[in-house]
Amino acid sequence: MHGRPRKAPKPEDEAASAAKAQKLRALQTQFFSYHHNKIYTKEAVELSAKLLEINPESYTAWNYRKLAVEHHLSQPECDPDSAKSILDDELRVVESALRQNFKSYGAWHHRKWVISKGHSSIDNELRLLDKFQKADSRNFHAWNYRRFVAESMNRSEQDELKYTEDMIYTNFSNYSAWHNRSVLLSTLLEKKAEGFLSKEKVLPEEYEFIHQAIFTDPDDQSGWFYHLWLLDQTVKADSPLLISSWPAHGSDVQLVDRCHNDSAFSPFTTLHSDSGSFPVVLYFNQPVEGVSSSTVTVESEFNKSEDLVWNPLSVSNSQAAKVWVTHLKFPTSELHCPVEVSVGHSKGITSTRGFQYSFSSVFSFKVHVQPTKKDSSQGSVAESILWREENFKAYGTQSEESIPILSFDQLSIRNDPEPTVSDWRVEALSKEIECFRELLSLMDCKIGKLTLARLLMAYDSMSLSCTNKLDHSDEVLELYSDLMKLDPSHHQCYKDGHSLVLLKQVTSSRESLLKYCSKYTDSVPLTICSPICLRLNNLSLSRVGAFEKLLWVQMLDLSHNELQSIEGLEALQLLSSLSLRNNKLRSFTALDPLRKLKSLRVLDISYNHIGEHSIDTTRYLCASPLSHLVGSEWNKDETVIGDVALINYWDAFLIFKELNLKQLDIMGSAIADEKFKSVLVKIMPTLKQLDGERLG
Amino acid sequence: MESFLSLTVTQRDQILVEQQVFNMYKAFYDMPPSSQSFMLELQRENHLEYLTKGLRQLGPSFCVLDANRPWMCYWILHSIALMDEFVDPELEDNTIDFLSRCQDPNGGYGGGPGQMPHLATTYAAVNSLVTLGGDKAFSSINREKQYMFLLRMKDPSGGFRMHEAGEIDVRACYTAISVASLLNILDDDLVQNVGNYILSCQTYEGGIAGEPGSEAHGGYTFCGLATMILINEVDRLDLSSLIDWVVFRQGVEGGFQGRTNKLVDGCYSFWQGGVFALLKRLHSTKGEQPIPLGDGEDSGAESSQSTASLDAAGEKGLDEDLSQGGSHSEQGDQDDASCRVNIDNIDHSSGTRHAKVEPLFNSLALQQYILLCSQELNGGLRDKPSKSRDHYHTCYCLSGLSVCQRSWSEDEDSPPLPRSVLGPYSNLLEPIHPLYNLVLDRYQEAHEFFTRSKDPVL
């Protein structure tokens, strides 16, 4: 209807094309007959070459030629000279096919196959590659082939590095060349090749090199991506490190079975336990595997190290995790006993990239058990926690002596021997910071700001151990705020960054952390021992982090933020009360980390967005009753509760059936109707209170 | 010392493409509204004619595609299905017969009759048959032999080979796993170590490369991500860096590039756009949504339009212009009213409300690129204005368009709001299942059929 008249092809073109098609069809019929009858005569092999010249994608013909080559090479009269000439023929056929289509998978693959037979000269291959890579410098087949040739013909990485340099000087926007440079440098550094013994020498030179590209044109993408790689190389610690633990080194942990107010110990390290055990948590700087009773020894009077089972705290079923936990059993009689934990004395803890844990660490703490006398009278005992403002008293206003100094100063563990932070890294970073400040003084550049923010955070965390202070967090927060305004389409990205920096700042020192601690002044339920609440409410957080500094937290208020996920919260093994009121959580699956919190008793998830968005489970393989990830946990007998089909609430079921909650608030969410509440009560027999109502 | 040229060849080419595209946009915005709405219209009839002709008979210039004939079937049939059209029964029969002749007696489909079986053409053939639908098409697939073929292509490393003695790459993994999943023959033997192979291909950029050591690439990123989802190991990927990478592949033209610093190409509307469709589903099921959602909680499509602006600086005009774009904006206004009614009638517990999801990419800008730059008015779609149409680009531009139109909807069953469809609402295409790139109801029919089928391995 709206079409324009089409140009009719000229009759003579049509005729020529038809003739060509006719010829191809004839060739093909002949070829298949040779192929199926395993005929490898000179004439037959030549015919396949003709076919490939017209259509290099004809993979059947490539395979036929492989069979033909094998056939001829296996003949008794085949000597090295004739073998070479057979293989050279193949290379010629590939070359002319590639001229027809240098993106042909089949042709490149055939060439690899021929080269792997030996007999060919690397110079020829490099010449061919030069020709193709000049014509199309981004052809990934050619780059893959180049890496293959260099590796199989033992061309030095240094020579290849020089080649990427030449390519970059010809066209610094050629990201393929930058990429290959990163691959080559990784290999050279790993091999500790001559001239590449340390990153200390190599990386600063690379920074110089990339500055040329970035400063020539800050809008070009290639340079920034390479810069990102360099930054990663500069800051990433290869071997995993233990960065914090609970109990903290040097702390006194008091374990009680009921709470009393006259304790001589700090409320920060008093823990209720009626199960006769308490958790020991190890927090590493990256996910590790292999934490077990043979790689971690725990020495105490009351536990045998080899009986301990270490579990990875990760929501996916992976065997690698940043956080590991075990539970120590303790006797019911009075006890004052030191515990020593040594990590990594024998090999076996490795990062997911295969690096060994190489710094053995020791930390120790004391455990005090004081069984309560049966007749000791309690003050008023409450049934529930009320997250009301008037129930919290800022901790900073308390008298000096009640501030627990020990447990905070020892939050981070001393590793022995302590890994030294290399000066060159700090130096390289400060040079980069200077450089990008200069760039930003000349022009407004989003990616420049983002890079500066990343550099500053990397600098701070690297120099942290010396100064114990975040020097630039205010500047970084400002950069992220700027970026949110400058680039609203990636607002959420920057907001996440902002949230994490803010939390780093909050947890950077005892003083700042104490500002966010409050004392819960109302009477507490028996099972909640520490009245200290960390209140990170109203900070417009979109993400939570800095968990390594928060392992001691038992009561946490994250209400009135903008959280959509609580990823990582599973690290807080002591958590017994949690408020997530007034956030942006969209479904129960977002609460997945809670499944790992066995001591959680009080939870407030009211006024979130749960139930507003439909979740598609039927057509998609996700963690649902239909996928094998959770299949084993889903008991088919449990599909109906009362008259309600559980399948409608499978996501809630999977979370709540693993929790031992006593108090839950869920009002103000789309899903929280009476029917759903009745299901919750059945799923959680332990529940005493739901939305402020006592359950019978 | 050597120094960098201030304008590289890459940059020059990029500038040329930008100029060409912006000239088209400028011409478009200078047009009277009636011509604008014509320009934004999907030329269904012409596309259909171009496609049907391709299925009946191809010109001799298609010789080079001779080893890819099932692909031709899939590109054409899928494009037709996206427009909710059908081929006539005779052609359907012929296609099924033709594909049966491509099926190897020992399993798998070759690029044509007599050719050896190949994973990519197997994927294309199976997807074609699913798209055709019906018991005849479904039961023409020898599932038992298919399974044996897939197993033969499995490399001890975990990856798959494209064909006997062929190359191992991410494409091969995706096509094998996708086919196995569709035909309900996916088992632990096929899955074993595939995840490790895909993981070894994720680069520091965040995207996924075709093979270890190579650079991140749009097509492979789709294939790798879809594979990981299908085998239920998607958590092993570094998803946040993958998202970082893919959001930066949308350029000032509105379309996507395939790799860092490459030119825009219409086919990545699906390969990159499909990654967003996968991520969206992933996050809606995991309850996270990593990026956007401005600040206004009640941001309807209107504010989404203004927050989802183009990534690159200096292109402010575009989204403003878009929201004023002729007929589109009129329909948007009408919709506003119906939308309000809808919100007033929310039944919270049943979740029938129009779900609000913010796409992680600029969906309207991509639709604009597809309709104005990739579409040939007399049928067929293309890479970019300087290129000519072909069936491959027609298929993947249309697939990308379908993904865009539903980028705000969380539920494929309810039609999207008119304002999320650029141009007249009649542009709306059928929803796809992003894991397989099949039209959703065709997938469902096949899914039911193969779920009923007996386990062939027993």
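**Aromatic contacts, sheets and a helix in the predicted model**

B:Tyr123 has a relative accessible area of 3% and is therefore buried (buried means under 20% relative accessible area, exposed over 50% and partly exposed in between, with a 1.4 Å probe and protein chains only). B:Tyr74, at 0% relative accessibility, also counts as buried. The structure is a predicted model, in which local features need pLDDT of at least 70 and side-chain atom pairs count only at pLDDT 80 or more, whereas totals for chains, interfaces and linings use all residues. Residues are numbered from 1 along each chain as its sequence is written, chains are lettered from A and ligands numbered from 1 in the order in which they are written, and side-chain values use heavy atoms, with hydrogens and water left out.

Over all chains, 46 aromatic pairs are found (rings of Phe, Tyr and Trp, the last by its six-membered ring, pair if their centres lie within 6.5 Å; planes under 30 degrees apart count as stacked, over 60 as edge-to-face and the rest as tilted). The ring centres of B:Tyr74 and B:Tyr123 are 6.1 Å apart and the planes stand at 70 degrees, so this pair is edge-to-face. Because B:Tyr74 belongs to helix 4 (residues 69-82) of chain B and B:Tyr123 to helix 6 (residues 119-132) of chain B, the pair ties together parts 49 residues apart in sequence. Helices (H or I, at least four residues) and strands (E, at least two) are DSSP runs, numbered from the N terminus. Both tyrosines belong to one aromatic cluster, whose members include B:Trp71, B:Trp75 and B:Phe222.

Charges also sit over rings (NZ of Lys or CZ of Arg within 6 Å of the ring centre and within 35 degrees of the ring normal). The charged end of B:Arg171 lies over the ring of A:Tyr105, 3.5 Å from its centre, and that of A:Arg535 over the ring of A:Phe392, 4.1 Å from its centre.

In chain A, five strands form an open sheet of mixed pairing, in the order 3-2-10-8-5 (two strands pair if DSSP finds at least two bridges between them). Its edge strands, strand 3 (270-272) and strand 5 (296-299), each pair on one side only. Strand 2 (residues 252-256) of chain A runs parallel to strand 3 of chain A over three bridges, and A:Gln254 stands opposite A:Thr270. Elsewhere, strand 4 (residues 277-289) and strand 7 (residues 321-329) of chain A pair in the antiparallel sense over eight bridges, with A:Val323 as the bridge partner of A:Tyr283.
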